Amino acid sequence: MKILFVYPNIVESPKDISLGLASLSAFLKKNGHETSLIDTTFGISDKEILIKALKFKPDLIAITTATNDFNYAQHIASLLRKLKVPIMAGGYHPTIAPLETIKKDCFDIICIGEGEYPLLEFVESLKKGEINYKIKNLWFKKEGKIIRNSLRPLIKNLDELPFPD
């Protein structure tokens, strides 16, 4: 499966690079999936975002968002709706404001808390063509309703994760 990560950073500083996305990418690659990243840290036009996404042809778009860049994350997600693939939001904002996030039309799924295993489980179910709506840490929209799954325990042994990309 091909997963496109989006980092809608509105702060022009390399210190803000998302370690979370780097960890998720490495974890998915370790499990046989292909990833790519669109990083807006140093400015990128809507046209460039769309061209990069169309060229990669993702099966899933995963956007990280903090509260300060939530509006920009929504803008990018709305732009990428043209690809007609599921769009998942994760990061600080969905974790602290899950209901506000899932109610946005541009997001199909949100991840609350750690995303490595929930994202892998979702990608594997997507690959099989049978979406598993019972994955812990994920909330889904389905037939006009919100499915709110519970949280799983935190990963206790971080050494089981590969080094971030």
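The model is predicted: local features need pLDDT of at least 70, side-chain atom pairs count only at pLDDT 80 or more, and totals for chains, interfaces and linings use all residues. Residues are numbered from 1 along each chain as its sequence is written, and side-chain values use heavy atoms, with hydrogens and water left out. The largest pocket holds about 860 Å³ of space. Helix H1 gives the largest share of its lining, five residues. Four aromatic pairs turn up in a search of the whole structure.

**Helix H1**

- Helices (H or I, at least four residues) and strands (E, at least two) are DSSP runs, numbered from the N terminus.
- H1 covers residues 19–30, and its twelve residues should span 16 Å at 1.5 Å a residue. The expected span is 1.5 Å times one less than the number of residues. The end C-alpha atoms of H1 are 16 Å apart, which agrees.
- Buried means under 20% relative accessible area, exposed over 50%, and partly exposed in between (1.4 Å probe, protein chains only).
- The buried residues of H1 are Leu21, Ala22, Ser23, Leu24, Ser25, Ala26, Phe27 and Leu28.
- These buried residues pack against strand S1 (2–7), strand S2 (34–39), strand S3 (60–64) and helix H6 (116–128). Contact means heavy atoms within 4.5 Å.
- Gly32 follows H1 and has a positive phi, near 90°.

**Helix H3 and Ala77**

- In H3, Phe70, Ala73, Gln74, Ile76, Ala77, Leu79 and Leu80 are buried.
- Their cover includes S1, helix H2 (46–56), S3, S4, H4 and helix H5 (98–102).
- Ala77 sits in H3 (residues 70–80). Its relative accessibility is 0%, so Ala77 counts as buried.
- Leaving out residues up to four places away in sequence, Ala77 touches Ile63, Ile87, Cys106 and Phe107.
- Ala77 and Leu138 are 61 residues apart in sequence, and their C-alpha atoms are 18 Å apart in space.

**The largest pocket**

- A grid search defines the space: on a 1 Å grid over the protein atoms alone, a cavity is a set of points where a 1.4 Å probe fits but cannot get out, and a pocket is an open set with protein on both sides within 12 Å along at least five of seven lines; lining residues have an atom within 4 Å of a point.
- Grid points are joined across faces, edges and corners, and a volume is the space filled by probe spheres set on the points.
- The volume of the largest pocket is about 860 Å³. Its lining has 37 residues, of which Ser18, Leu19, Gly20, Leu21 and Thr64 are the closest to the centre.
- Elements giving two or more residues to the lining are S1, H1, S3, strand S4 (87–90), helix H4 (92–96) and H6.
- Thr64 belongs to strand S3. Thr64 is buried, at 15% relative accessible area.
- Not counting residues up to four places away in sequence, Thr64 touches Val6, Tyr7, Pro8, Ser18, Leu21, Gly90 and Gly91.

**Aromatic rings**

- Rings of Phe, Tyr and Trp (its six-membered ring) pair if their centres lie within 6.5 Å; planes under 30 degrees apart count as stacked, over 60 as edge-to-face and the rest as tilted.
- The search finds four such pairs. In the pair of Tyr133 and Phe140, the ring centres are 5.0 Å apart and the planes are at 70°, so the pair is edge-to-face.
- Tyr133 is partly exposed, at 25% relative accessible area, whereas Phe140 is buried, at 2%.
- Phe122, Tyr133 and Phe140 form one aromatic cluster.
- Lys2 lies over the face of Phe56, at 4.6 Å from the ring centre. A charge sits over a ring if NZ of Lys or CZ of Arg is within 6 Å of the ring centre and within 35 degrees of the ring normal.

**Loop residues**

- Most residues other than glycine have a negative phi.
- Asn137 is not a glycine, yet has a positive phi of about 80°. Asn137 lies in the loop between H6 and strand S6 (138–142) and is buried, at 2% relative accessible area.
- Glu143 is not a glycine either, and its phi is positive, about 50°. Glu143 lies in the loop between S6 and strand S7 (145–148) and counts as exposed, at 74% relative accessibility.
- Glu130 is in the loop between H6 and S6. Glu130 counts as exposed, at 60% relative accessibility.
- Glu130 and Tyr117 are 13 residues apart along the chain, with their C-alpha atoms separated by 17 Å.
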